[in-house]
Amino acid sequence: MNASKKAKAEKSDVVLVTGVSGGGKSIAMHALEDAGFFCVDNLPPELLPEFLALEKQRGQRRVAIAVDVRSAGSLPHLLPLIKQMRADGVALRSIFLDANTETLMRRFSETRRPHPLRQHPATPVGENASSSGEDEHRALLDAIHLERELLAALRVESTVIDTSQLRPAQLRAWVRDLVVVSGESLTLVFESFAFKHGVPSDADFVFDVRVLPNPYYDRELRPQTGRDEPVAKFLEAQPEVRLMLSQISAFIAQWLPNFSADQRSYLTVAIGCTGGQHRSVYLVETLSKQFAYHGQVLKRHRELDAK
């Protein structure tokens, strides 16, 4: 890490990791621990100010705290505490790990771990196994929906990462990227994705570029990506691509100051094409360069980074 990045990382001295059960909090906390953070899991929100005050006395140690629905009774106190600490000058970044319901259902099925809010219905005598399985499925689904309701307000105040399509290595890298940038001003995130794998739920704006000429149909360009020069040159030569790029760029430039003034901590712009390999990747790479002046810009390639 160079000196400028290290300086920025030191500003994000408190990272709050939260989100839905099964969203990847353990992976995120391990990534932060590897990055030098002192990590605490499931700290009751009421103890957060006292804990941070104690840490301040001990010295300048970066801290990561995981808070989830296991502290459901204390969650209503968490949001006011976050706002108060930020008002008091604490450089606190809240990261919310989310995933779609289908993914969460699959993860709980694979790990066979119970959801913290799940109610296990009793199976009546004589009830067949199929009916029991349906009851278990419904109980888990209800628990996931209830958790989303309990965490809805916290999600709005946090930097959201949709982990539905992410491998553990991707999530670790994305979390590390987030804590490198300062949480004191808006972070602009550009993300490429494939529509066939679903739209990222953490996107604030989604642009569909599937109408643009597709390098996939060129045999020489097909195995390459939007990061490669031949693909970039092919797309740069297309009038439609230049027009789409200029319009997206103008839209973001027009409204970025308003989002910054609204005290937003992040703004995620997702660019999608069919396979997430060529067009969306090229636009994300180009937009990231165009908005480098903003200072805090991250780029992600959901499909490419998964390889």
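**Figure 1. Overview of the predicted model.** The secondary structure of the protein comprises 11 helices and nine strands, where helices (H or I, at least four residues) and strands (E, at least two) are DSSP runs numbered from the N terminus. This is a predicted model, in which local features need pLDDT of at least 70 and side-chain atom pairs count only at pLDDT 80 or more, while totals for chains, interfaces and linings use all residues. Residues are numbered from 1 along each chain as its sequence is written, and side-chain values use heavy atoms, with hydrogens and water left out. Of the 307 residues, 48% count as buried; buried means under 20% relative accessible area, exposed over 50%, and partly exposed in between (1.4 Å probe, protein chains only). Among contacts between residues at least 6 apart in sequence, 80% join residues at least 24 apart, a contact being heavy atoms within 4.5 Å.

Figure 2. The largest pocket holds about 740 Å³ of space. A pocket is defined on a 1 Å grid over the protein atoms alone, as an open set of points where a 1.4 Å probe fits, with protein on both sides within 12 Å along at least five of seven lines; lining residues have an atom within 4 Å of a point. Grid points are joined across faces, edges and corners, and the volume is the space filled by probe spheres set on the points. Of the 28 lining residues, Gly22, Gly24, Lys25, Ser26 and Arg113 lie nearest the centre of this pocket. Two or more lining residues come from each of α2, β2 (38-41), α5 (101-111) and α7 (168-180). Helix α2 gives the most, with six residues. By class, the lining has 11 nonpolar, eight polar and nine charged residues; Ala, Val, Leu, Ile, Met, Phe, Trp, Tyr, Cys and Pro count as nonpolar, Asp, Glu, Lys and Arg as charged, and the others, Gly among them, as polar.

Figure 3. An unreviewed UniProt entry annotates Gly19, Val20, Ser21, Gly22, Gly23, Gly24, Lys25 and Ser26 as "binding site". The positions are given in the numbering used here, feature names are shortened, and such annotations may be inferred rather than shown by experiment. Among these residues, Ser21, Gly22, Gly23, Gly24, Lys25 and Ser26 belong to the lining of the largest pocket. Ser21 is located in the loop between β1 (14-19) and α2 (25-34), and its relative accessibility of 8% is why Ser21 counts as buried. The side chains of Ser21 and Glu147 are joined by a polar contact of 2.7 Å. A polar contact is a pair of N or O atoms within 3.5 Å; within protein, one must be able to donate a hydrogen and the other to accept it, and residues adjacent in sequence count only if both atoms are side-chain atoms. Not counting residues up to four places away in sequence, Ser21 touches Val69, Leu104, Phe108, His115, Pro116 and Glu147. Gly22 also has its place in the loop between β1 and α2, but is partly exposed, with a relative accessible area of 32%.

Figure 4. For "binding site", UniProt (unreviewed entry) lists Asp68, Val69, Arg70 and Ser71. Asp68 and Arg70 are included in the lining of the largest pocket. Val69 sits in the loop between β3 (63-66) and α4 and is buried at 2% relative accessibility. With neighbours within four places in sequence left aside, the contacts of Val69 are Ser21, Leu75, Pro116, Leu117, Glu147 and Leu150. Ser71 lies in the loop between β3 and α4 and is buried at 10% relative accessibility. Beyond its neighbours within four places in sequence, Ser71 is in contact with Asn42, Leu43, Pro44 and Pro45.

**Figure 5. Asp98 and its polar contacts.** Asp98 lies in strand β4 and is buried, with a relative accessible area of 5%. Its side chain makes polar contacts with the side chains of Arg148 (2.8 Å) and Arg155 (2.9 Å). Leaving aside neighbours within four places in sequence, residues in contact with Asp98 include Val20, Val160 and Ser201.

**Figure 6. The second largest pocket.** About 630 Å³ of space lies in the second largest pocket. Arg86, Glu157, Gln263, Arg264 and Ser265 are the closest to its centre among the 28 residues that line this pocket. Strand β4 provides the largest share of this lining, three residues.
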